[in-house]
Amino acid sequence: MGSTSDAGTGRIVAGFLAPHPPHLVYAENPPQNEPRATGGWETLRAGYAAVRERLAGLDFDVIVVHSPHWKTVTGHHLLGVPRFQGRSVDPIFPNLFRYDYNLKVDVELARAIADQGRAAGLHMELMENPDFRVDYGTITSCHLAHPDWDVPIVAISSNRAYFYFSNEVGEAEMLGLGAATRRAIEATGRRAVLLASNSLSHRHFTVEPAVPEDPSFERPYSLNQYEWDMHVVDLMRRGRCRQLLDEMPDFIEQATSECKDGSLTWLLGALGVPDYPATVHAYGTVIGTGNAVVEWTPPVGSA
Amino acid sequence: MPVVAGYIVPGLPHPLLAPDRSPHWRAVRDGFDAAAARIRQAMVDHGADLLVLYSTQWVSVIGHQVQADPDAAWTHVDPEFHQLGSMPYRFRIDADYAQAYAAAAQARGLSCRPVSYRGFPIDTGTIVALQLLNADNALPATTTSCNMYADRGETLVLGKAARDAIDAGGRRAIAVAVTSLSARKHVRPVDPADDQLASAKDAEWNDKLLEILSEGRLEDVAQLARTVAHQAHADSQMRAFWWLSAVMGQHNRYRGEVLAYAPVWGTGAAVVELVPAQVAQGQHEFDEDDVDRYHGDLEVLESAGTQRGPGGAPMGAALGRGLGRVGPGEIPGAAVSLDKLLDQPLPPRPADLAGRMAAPAGTRADRSTTPLHEPPVVAGGTNAAAAPKPVGPYPHARRVGDLLFLSGVGPRQAGTDTIPGGAIRAPDGTPQDYDIEAQTRACIDNIAAILRAAGSDLSRVLDVTAFLVDMDRDFAGYNRVYGEFFATVGATRTTVAVAALPTPIAVELKVVAAAGDVDLAALADGKWTGA
């Protein structure tokens with residue numbers, strides 16, 4: 001892993017849209033999570049099971065995750081301490097997610113991404129405070145994709161500066177960050193798996209059932225959100241990511257999409273805006289939000 | 001006085017962790033320190049025994065949450081400003097109050113839960129506020145989340161629930177809204193010494209808000225929230241002001257003081273104190289409805305009728321079966337919710353709250369409904385067209401000898417019968433906030449109009465009897481305006497409290513004046529022999 005990789009021969013071995021509803025961790029009752037469940041959200045969990053199966057067959061040495069729940073405005077921040085251990089409690093769903101984590105960070109790659117970002121004109125910061133609590137989006141996506149935690153991660157914050165400007169400005173920023181991430185991976189010789197930790201449509205219900213995993217409660221928040229999600233997933237499936245990016249600002253606006261937080265756009269930028277079909281492992285809703293688990297496996301030699 | 005004071009404080013960590021890196025951050029820190037000293041004094045002077053916070057940095061989506069861990073402790077690092085250092089904390093949370101607060105919110109129809117979990121991530125704003133205002137945990141406290149979807153109605157109801165729990169527990173609370181004014185941060189690093197507001201329009205609105213707050217007009221600021229949020233980078237659409245005003249009673253009867261205002265990383269950071277006062281500053285911005293109970297999600301995102309499906313198609317088109325019955329603004333979910341809102345009457349108003357609540361939607365009144373009379377024409381009588389019609393068969397004034405005796409005169413306006421400063425109660429009897437100074441001024445204007453019609457003027461008034469329906473609340477304001485007109489006239493005066501007046505007014509004046517052709521100096525010297 002890490003510094004043992006061959007510099008200059010690195011590549012992205014796979015990229016996933018890997019949303020972070022804590023409900024999915026809650027539903028499977030891992031030992032790290034305190035609350036207990038009786039199941040729930042099986043379709044999405046089956047999608048993540050497929051991701052885990054795929055990763056078991058891939059040779060990778062780092063997971064790079066972009067999370068909407070590490071929010072920054074002044075630039076893009078990356079974890080810059082080799083190891084973090086602590087408890088993550090979801091401030092929104094504390095009844096579902098109280099997770100004890102212990103993770104390693106590939107600081108060398110984080111620094112390389114920061115350097116590449118700066119070279120591209122972005123403001124980049126390393127987060128070097130050892131007391132820092134890793135956000136629950138990062139924890140959730142990483143756990144669901146690869147719960148062994150035996151591979152170091154690089155975690156990147158979600159920059160909100162474009163909230164002051166426009167979705168188009170945000171898209172340009174995130175495509176630039178994605179390209180910088182790819183260059184850093186290639187330059188450091190990493191074999192990286194990328195996780196974009198956002199959902200699709202994102203208007204929540206504002207009430208929850210007495211039993212959180214009650215399946216009779218779960219549905220898309222609105223037909224509008226569902227239609228947009230199906231359209232976006234279809235574009236992914238057909239390899240039409242350029243069109244997806246063209247429509248992304250409208251999708252964000254019309255479906256209250258969490259793509260506004262930039263994770264998916266970052267991923268598509270890192271993958272060079274794929275024109276090959278994605279594998280859609282699952283689509284389902286959580287508290288009304290639309291979530292898709294999607295995989296892009298770049299052909300060897302592509303950038 | 002269940003809420004003895006309110007504070008507005010910013011939530012970024014700079015004044016706590018790095019006050020001396022910037023003169024601006026130091027200024028805000030000094031404001032915090034001044035507020036902390038006043039809170040300590042309020043414990044002595046007013047028996048303050050609770051801090052209730054609402055923080056825009058604690059975001060929730062499933063209703064609201066109230067912190068209820070009696071011994072909340074952790075070491076926090078701000079996700080953005082981690083380079084400033086860590087924030088270890090241990091807070092004394094009033095779990096009983098938090099439970100009562102959440103229960104009161106639920107009773108008003110809100111989704112609200114108390115949270116008590118080891119390691120719960122208390123937000124930076126709450127930590128900064130509690131550490132700087134209540135460093136030694138002298139007061140027990142709790143804090144409330146800010147729902148990212150909550151509209152004004154939901155947030156008002158939440159604030160009222162906080163007040164319900166304060167009242168029910170017999171507490172004497174200090175309410176704290178943890179919010180910036182403008183919230184736009186710098187997107188690139190700046191030298192802390194050169195920190196400044198990130199946006200000129202933000203700075204302009206901040207100045208305006210602080211001017212209004214310094215006049216004690218909290219509810220006016222809350223009423224302006226939508227406008228400000230539309231025009232500037234307001235912090236969480238100014239929800240914290242809705243909450244704070246609801247906790248404190250939804251009026252403008254405060255003494256306001258800006259203890260600090262400076263930029264913190266581009267945001268408008270102000271420390272403002274609001275203390276209940278006897279005199280209202282008038283209602284200049286009241287045009288929003290009130291709400292007492294939450295009836296569910298407005299689904300505002302759909303109700304606008306502007307959402308489109310992929311490719312700009314109407315919703316439903318992508319399924320190959322457009323929803324023919326659905327047109328713009330007629331989204332089924334929204335219609336159901338609006339019907340639900342409109343069809344359900346407000347619950348009976350708890351008797352113990354009636355005295356401090358504004359009228360519910362649609363019942364607010366600013367005019368009298370008492371039947372009026374044409375003033376009769378009598379010998380020596382005067383009726384002024386510029387004065388309001390009487391409520392009985394009597395003239396505006398009558399001359400007997402050298403003196404003019406005026407009937408009791410209130411603030412109603414001739415022609416429109418409106419009451420400047422607002423009526424004191426709605427037609428259904430619900431008390432309303434009002435401005436005694438505006439009413440008093442209108443009274444005196446009416447008297448001046450009658451005296452003019454009778455050939456006299458205010459300078460010839462000899463004796464005044466004043467009737468107030470709420471002496472404790474209104475005397476100071478009435479007295480101030482009275483002095484503007486009569487300080488140099490030298491009229492004798494008697495002021496009495498009465499249980500009620502025939503119209504929904506707070507003040508009425510009864511005047512005796514010298515007629516216009518009387519030589520006042522000769523009259524005073526006993527040398528006057530008559531006109």
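Q: What makes two residues count as being in contact?
A: Two residues are in contact if their C-beta atoms, placed from the backbone, lie within 7 Å. This model is predicted, by the way. Leaving aside neighbours within four places in sequence, B:Ile174 has contacts that include B:Val4, B:Tyr7, B:Ile39 and B:Leu51.

Q: What makes B:Ile174 stand out in the largest nonpolar core?
A: That core has 96 residues, and B:Ile174 is one of those with the most contacts inside it, along with B:Tyr101, B:Val176 and B:Leu244. Helix H9 (residues 239-248) of chain B gives the core its largest share, eight residues. Apart from this core lies another one, of 91 residues, with A:Ile12 and A:Phe251 among them.

Q: Why is helix H8 of chain A said to be largely enclosed by the rest of the structure?
A: A residue is buried if 20 or more other C-beta atoms lie within 10 Å of its own. Eight of the eight residues of H8(A), residues 263-270, are buried, so the helix is largely enclosed. A:Trp266 and A:Gly269 are among the buried ones. They pack against a set of elements of chain A that includes strand S1 (11-17), helix H5 (167-188) and helix H7 (241-254). After H8(A) comes A:Gly272, with a positive phi near 75°.

Q: How do you know how well strand S15 of chain B is covered?
A: Use the count of buried residues again: among the six residues of S15(B) it is zero, so by the cut-off of 20 or more C-beta atoms within 10 Å this strand is hardly covered.

Q: Why is one side of S15(B) left without a neighbour in the sheet?
A: Strand S15 (492-497) stands at an edge with a single partner strand, so one of its sides has no neighbour there, and strand S11 (381-382) of chain B is in that position too. The sheet itself is open, with six strands in the order S11-S12-S13-S16-S14-S15 and mixed pairing.

Q: How do you know that S14(B) and S15(B) pair?
A: Pairing takes at least two bridges, and six bridges join these two strands, so they pass; they run parallel. In one of these bridges, B:Thr465 has B:Thr494 as its partner.

Q: What makes strands S13 and S16 of chain B a pair, and in which sense do they run?
A: Strand S13 (residues 403-406) and strand S16 (residues 507-514) share three bridges in the antiparallel sense, and at least two are needed, so they count as a pair. Here B:Leu403 stands opposite B:Ala514.

Q: Which helices lie against this sheet?
A: Helix H12 (residues 436-453) of chain B packs on it, touching S11, S12, S13 and S16, and makes about 30° with the direction of S16(B). Helix H13 (residues 471-486) of chain B lies across S14, S15 and S16, at about 160° to S14(B).

Q: What is the handedness of the β-α-β unit made by S14(B), H13(B) and S15(B)?
A: The unit is right-handed.

Q: How do you know that chains A and B touch?
A: Contact means C-beta atoms within 7 Å, and 34 residues of chain A are in contact with 36 residues of chain B. Helix H6 of chain A gives the most to chain A's side, with six residues. By class, that side has 14 nonpolar, 11 polar and nine charged residues.

Key
Residues are numbered from 1 along each chain as its sequence is written. Chains are lettered from A and ligands numbered from 1 in the order in which they are written. This is a predicted model: local features need pLDDT of at least 70, side-chain atom pairs count only at pLDDT 80 or more; totals for chains, interfaces and linings use all residues. A nonpolar core is a set of buried Ala, Val, Leu, Ile, Met, Phe, Trp, Tyr and Cys residues joined through C-beta atoms within 7 Å. A residue is buried if 20 or more other C-beta atoms lie within 10 Å of its own, exposed if 12 or fewer, and partly exposed in between; C-beta atoms are placed from the backbone. Helices (H or I, at least four residues) and strands (E, at least two) are DSSP runs, numbered from the N terminus. Axes are lines fitted to C-alpha atoms, for helices over the stretch in contact, and angles run from 0 to 180 degrees between N-to-C directions. Ala, Val, Leu, Ile, Met, Phe, Trp, Tyr, Cys and Pro count as nonpolar, Asp, Glu, Lys and Arg as charged, and the others, Gly among them, as polar. A crossover is right-handed if, with the strands pointing away from the viewer, the path from the first strand over the helix to the second runs clockwise.
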